Amino acid sequence: MWDEVQFGFALAVSGLSIGLMYSLIALGFVLVYKATDAINFAQGEFVMLAGFVAALALAVNGMPVIAAVLAAVAVMVLFSFALERVVLRPLLGRPVVAVIMATIGLGAILRGLPPITVGGGTRALSLPIGDSPIALGPASLPPIQVLGVVVTLLFLAVFTWFFLKSRMGVAMRAVADNQQVAMAMGINVERYFALAWAMAGTVSALGGVIWGSMLGVDVQLALVGLKVFPVVILGGLDSVVGAVVGGLIVGLVESLAAGYLDPYVGGGTKDFAPYVLMIITLMFKPYGIFGTHRIERV
Amino acid sequence: MLHRESGVFKTSYAADMALYPLPIARWTVAAVILLFAVVLPLTVHEYYLSIVNLVLIAIVGALGLNILVGYTGQISVGHAAFMSVGAYTAANLAVHLHLPFWVTLPAGGLMAALIGGIVGIPSLRIKGLYLAIATLAGQLIIEWIINHTPAISGGAQASIEVPRPVFMGRQIKTQGQLYYFLLFFAVLATLATLNLVRSRIGRAFVAIRDQDIAAEIIGINIFRYKLLSFAISSFYAGVCGVLYTYYFGIANYEAFQIGVSIDYLAMIIIGGLGSVLGTIFGAIFVTMLPIVLRLTMEPLGGLFFDAGELSSIIASTRLILFGCLIIFFLVVEPEGLNRLWRNIRNYFRVWPFSY
Amino acid sequence: MSISTSWRTAAITAGAIALAAGAAQAQDKEIVIGLQCDRTGPTQIVGTVLCPGYHDYINLVNSKGGVEGYKIKAIEIDHEYKVPPAMEAHERFKKDGAVLEGVYGTPQIAALTKKLEEDKILGTSPGFGTAAAADGKRYPYIFPIAASYWSQGAAAVDFAKRQLGGSLKGKKIAYIYFDNPAGKEPIAVIEDLAKIEGFEMRTFAVPSPGVEMAAQVLDITGRFKPDFVIAHLFGRAPSVSIKEFKGKGYPLSKVVSLVWGSSEADIQAAGGYGVAEGYHTMQFAGVGSDFQVIKDINAMYKAQGKSPPKEQETSVYYNRGLMIAALHVEAIRNAVKAKGGAKPTSEDVKNGMEALKDFTLGGMVPPITVTPEDHEGGGWVQVWTVKGGKLVKDGEWFQAYRDVIKKHLQAIN
């Protein structure tokens with residue numbers, strides 16, 4: 001009996017921590033959508049790109065980890081600027097399917113680049129945090145996951161404060177709400193778009209470093225991006241808190257489903273469960289737990 | 001020079017409502033039919049015929065997706081799942097009940113239509129990105145169900161071998177025979193779509209695409225028509241899946257995964273949303289891109305790289321080219337190849353004058 | 001590859017538009033083989049090493065005058081582990097006159113089974129594919145030529161039995177697998193063996209893409225607590241599984257992996273040999289560079305002024321590429337000889353493959369004998385274990401439970 005409880009607890013802890021790592025990726029998505037209404041179907045590929053940059057930087061002899069991480073951040077920020085300028089600006093006002101396909105196309109390009117530029121083999125991204133699991137009662141987490149949890153919660157705190165209290169955050173919310181009026185109020189909309197993408201780039205960079213360290217950096221890393229969707233649908237497309245809560249729920253559900261339902265169904269419920277959850281959310285609360293209700297005007 | 005409409009006077013409603021009212025259009029269509037039905041299969045090598053066969057199958061699927069996305073304005077990232085449903089339905093019927101292809105084909109289509117209607121139910125409440133994600137979920141869930149239900153998937157291997165279709169006592173096996181088999185269905189699908197979009201249902205679809213709240217106000221039951229759109233689109237997808245199955249001789253769920261859904265979306269976007277001719281162009285383009293890329297890069301690449309590296313470079317280049325083309329068409333020419341074709345046609349319409 | 005590669009690629013693509021393709025004509029003294037590969041898909045960790053190994057062997061054979069005077073041309077097509085490009089690749093091989101095809105991937109061989117039979121071109125599926133294809137009467141054109149998944153599963157059980165003191169009665173074995181048809185293939189045989197040997201077996205599916213299995217491993221180590229674990233993972237999953245088991249404190253010396261989770265690359269991706277200490281890997285070809293054929297290949301490279309390819313570091317997959325190429329060449333050699341020096345057709349090569357007897361490639365592979373009834377060649381495997389920073393041979397070549405496997409073959413066919 002105690003064994004079962006221990007098992008359940010370990011499952012829950014594992015699920016929650018992985019869930020927070022999903023949130024890390026989802027945060028990038030949410031930031032962009034919140035500030036600029038753009039939907040990034042290539043979030044996974046962003047994480048992969050960041051991972052590659054960090055891995056390549058670390059491969060240079062004697063490069064301190066901090067420098068590698070900063071390199072990843074810098075590249076991602078620049079990349080996000082470029083993306084916004086070249087691809088998304090011309091697509092403003094077009095139907096949603098256009099933007100989605102554009103980011104899918106971008107994702108394809110990003111996936112094709114590594115094998116012909118730097119070789120497609122898997123690289124390790126070793127961070128100096130050790131391998132031995134850290135115990136939390138009967139459960140244990142590898143240090144990289146603990147780091148991921150810490151980073152995510154840190155971002156959550158920073159961004160929540162940013163959007164609620166700081167002047168720039170409020171300005172960004174104004175831009176997201178109604179671009180025309182914000183411009184009329186004297187807010188430099190373009191600069192805030194750029195800032196939003198920069199923030200998203202930073203989050204992606206850290207996501208790339210952490211996930212790359214956990215899974216190894218190669219083209220397959222981009223697949224984590226698929227996890228974003230259940231998370232943001234649950235939490236709300238434009239809510240930072242929602243991204244975190246959604247991530248926690250998805251991670252927990254996945255873990256419990258895998259642990260308890262798999263034996264009956266022969267496996268694979270892990271993939272299945274979050275999507276079922278997502279459909280249920282879409283039917284009853286389409287905008288997610290924390291999302292803002294969009295009012296459509298004819 | 002080619003100003004087509006001058007001198008053509010119609011004297012009956014039937015003539016006015018005809019699909020190709022202009023004589024020059026009729027001649028052109030006749031010539032095209034002659035080309036594809038007679039000239040092509042007799043002159044082209046078997047390998048190239050197999051490529052054309054793949055294109056024909058893709059046309060059927062892409063037409064279905066275009067009805068949903070181009071004409072009704074919904075989004076579906078789950079098209080491949082419906083193909084999979086059609087494929088396995090037909091495969092199971094063919095193998096367990098030994099039904100002939102002219103029964104399994106519509107059966108597969110109808111089953112897919114049913115599932116498609118169910119997946120389409122969220123479209124009544126949500127739009128845009130949410131709908132895209134819902135259909136993505138639908139794709140993954142259907143994939144999972146098929147993979148994990150041995151009754152449907154036929155065991156651990158999840159692939160069912162189907163016997164070749166039998167027509168008038170003879171098995172349809174060679175590329176040439178398959179060509180006629182597939183051509184028949186591709187032409188049927190095209191005609192059906194052309195007529196569908198001119199009909200009342202088609203006009204309702206377009207009204208929903210343009211402004212669905214207004215459409216509801218003027219009396220179109222968007223509940224019914226959205227579901228109908230999903231169902232029709234999934235029917236096409238199911239038929240496409242069955243055709244794949246008969247063409248390859250095997251139904252395998254791994255041939256119908258999310259990448260295929262994205263390929264079909266690319267087809268209709270590159271070809272041009274909301275246009276039948278555009279869909280055909282798009283299907284040809286996307287299906288042939290990797291093949292053409294490989295055929296042209298191999299002899300050249302052999303000069304620079306050795307065989308091993310070359311293969312991976314070609315695959316990566318295909319991905320990059322694919323992504324670039326999607327973005328190019330979205331940014332530069334949103335109405336796709338269809339608009340390019342129209343531009344060329346309009347130019348020749350009044351040539352040698354400029355307007 | 002370097003940055004200059006991408007410039008060269010760009011130049012090629014630009015020029016490709018202007019140039020018409022001049023396809024190479026099939027030479028009279030040239031025999032064409034089709035090779036499928038996955039260099040950019042989920043199993044690229046294998047394909048990017050195995051296929052260069054294949055090409056190296058072919059180059060070696062050609063450099064020594066070819067097969068009875070015929071040069072071998074191996075056309076490789078990357079299908080990204082998807083089925084439609086594989087079907088299209090088959091058409092391409094057919095057009096180019098291939099006499100045999102090295103198929104890559106279980107779904108691919110499943111999809112191509114019928115076509116290969118119709119087109120009378122033999123396809124090989126070493127170490128993967130439908131285990132039922134070992135029956136040469138039912139599948140005359142499919143040749144596993146290496147331990148099928150059934151043989152591997154049975155061998156794993158046999159290995160576990162020996163590790164656990166000779167008896168499995170009352171013991172618990174966990175089977176963790178990649179949740180797709182290839183992963184599910186051995187289950188039927190292992191379940192049967194569970195009844196025969198009296199052990200309890202439970203399966204744990206890891207969903208695609210196989211990078212997350214925390215819950216499954218937790219279930220195994222925390223709840224089921226087996227005496228042994230048989231792992232059937234591929235792609236990125238094996239390295240993740242090593243890390244997970246290690247992280248949960250389960251001794252890797254109680255884990256044996258089937259053939260596609262057992263390379264140096266997997267161990268490196270898991271964090272290195274230190275992390276994977278004790279991990280057992282199943283092989284169907286030799287490991288390491290201490291074989292004559294590799295020395296010959298390196299000599300060939302040296303003669304060209306190049307250093308040995310870095311793919312040799314992942315000797316597990318590289319050597320498998322060599323083995324597959326060697327078996328193909330051997331079949332062609334038999335076919336040419338049987339035809340008295342004339343150019344063989346695909347039918348001749350099929351007979352040539354069925355004439356393979358006791359082929360060992362200088363000790364790198366177990367003695368493979370293929371007959372018209374048995375296209376598997378005996379199902380030999382060998383276990384290599386991670387000890388002290390490298391892979392060490394842990395016993396000789398062995399087969400296991402051939403009678404049980406035969407029973408399953410007869411049942412399914």
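Predicted model: local features only at pLDDT ≥ 70, side-chain atom pairs only at ≥ 80, totals over all residues.
Residues are numbered from 1 along each chain as its sequence is written, and chains are lettered from A, and ligands numbered from 1, in the order in which they are written. Local features need pLDDT of at least 70, side-chain atom pairs count only at pLDDT 80 or more, and totals for chains, interfaces and linings use all residues, while side-chain values use heavy atoms, with hydrogens and water left out.

Chain C holds an open sheet of five strands. Strands here are DSSP runs of E with at least two residues, and helices are runs of H or I with at least four, numbered from the N terminus. Two strands pair if DSSP finds at least two bridges between them. The strand order is β2-β1-β3-β4-β5, and the pairing is parallel. The edge strands are β2 (71–78) and β5 (142–143) of chain C, and each pairs on one side only. Strands of a sheet pair through backbone hydrogen bonds, either parallel or antiparallel.

Strand β3 of chain C covers residues 98–102. Five of its five residues are buried, so β3(C) is largely enclosed by the rest of the structure. Buried means under 20% relative accessible area, exposed means over 50%, and partly exposed lies in between (1.4 Å probe, protein chains only). β3(C) pairs in the parallel sense with β1 (residues 30–37) of chain C over four bridges. In this pairing, G34(C) has E101(C) in β3(C) as its bridge partner. Three bridges join β3(C) to β4(C), and these two strands also run parallel. Here L100(C) stands opposite L122(C) in β4(C). Strand β4(C), residues 122–124, pairs in turn with β5(C) in the parallel sense over two bridges. The bridge partner of G123(C) in β5(C) is I142(C).

Strand β6 of chain C spans residues 172–178. Six of its seven residues are buried, so β6(C) is largely enclosed by the rest of the structure. Seven bridges link β6(C) to β7(C) in the parallel sense. Within this pairing, A174(C) has R202(C) in β7(C) as its bridge partner. β6(C) and β8(C) run parallel and are joined by five bridges. I173(C) stands opposite F228(C) in β8(C).

E197(C) lies in helix α7 (residues 187–197) of chain C. Its relative accessibility is 15%, so E197(C) counts as buried. The side chains of E197(C) and Y401(C) are joined by a polar contact of 2.7 Å. A polar contact is a pair of N or O atoms within 3.5 Å; within protein, one must be able to donate a hydrogen and the other to accept it, and residues adjacent in sequence count only if both atoms are side-chain atoms. Beyond its neighbours within four places in sequence, E197(C) is in contact (heavy atoms within 4.5 Å) with K161(C), L168(C), K169(C) and Y401(C). In chain B, I57(B) sits in helix α3 (residues 46–71). I57(B) is buried, with a relative accessible area of 0%. Its contacts, again leaving aside neighbours within four places in sequence, are L182(B), C240(B), L243(B), Y244(B), Y247(B) and Y264(B). I57(B) and A30(B) are 27 residues apart in sequence and 22 Å apart in space, C-alpha to C-alpha.

Backbone angles were also examined. Most residues other than glycine have a negative phi, and most peptide bonds are trans. K225(C) is not a glycine, yet has a positive phi of about 45°. K225(C) lies in the loop between α8 and β8 (228–232) of chain C. At 39% relative accessibility, K225(C) is partly exposed. D358(C), also not a glycine, has a positive phi of about 50°. The loop that holds D358(C) runs between α13 (346–354) and β11 (382–387) of chain C.

Chain C also meets chain A, with 31 residues of chain C in contact with 38 residues of chain A. The area buried between them is about 2,700 Å², of which carbon and sulfur atoms give 54%. Buried area is the accessible area (1.4 Å probe) that two parts lose on being put together, summed over both. In chain C, E212(C), R223(C) and R236(C) lose the most area to chain A, together 24% of what that side buries.
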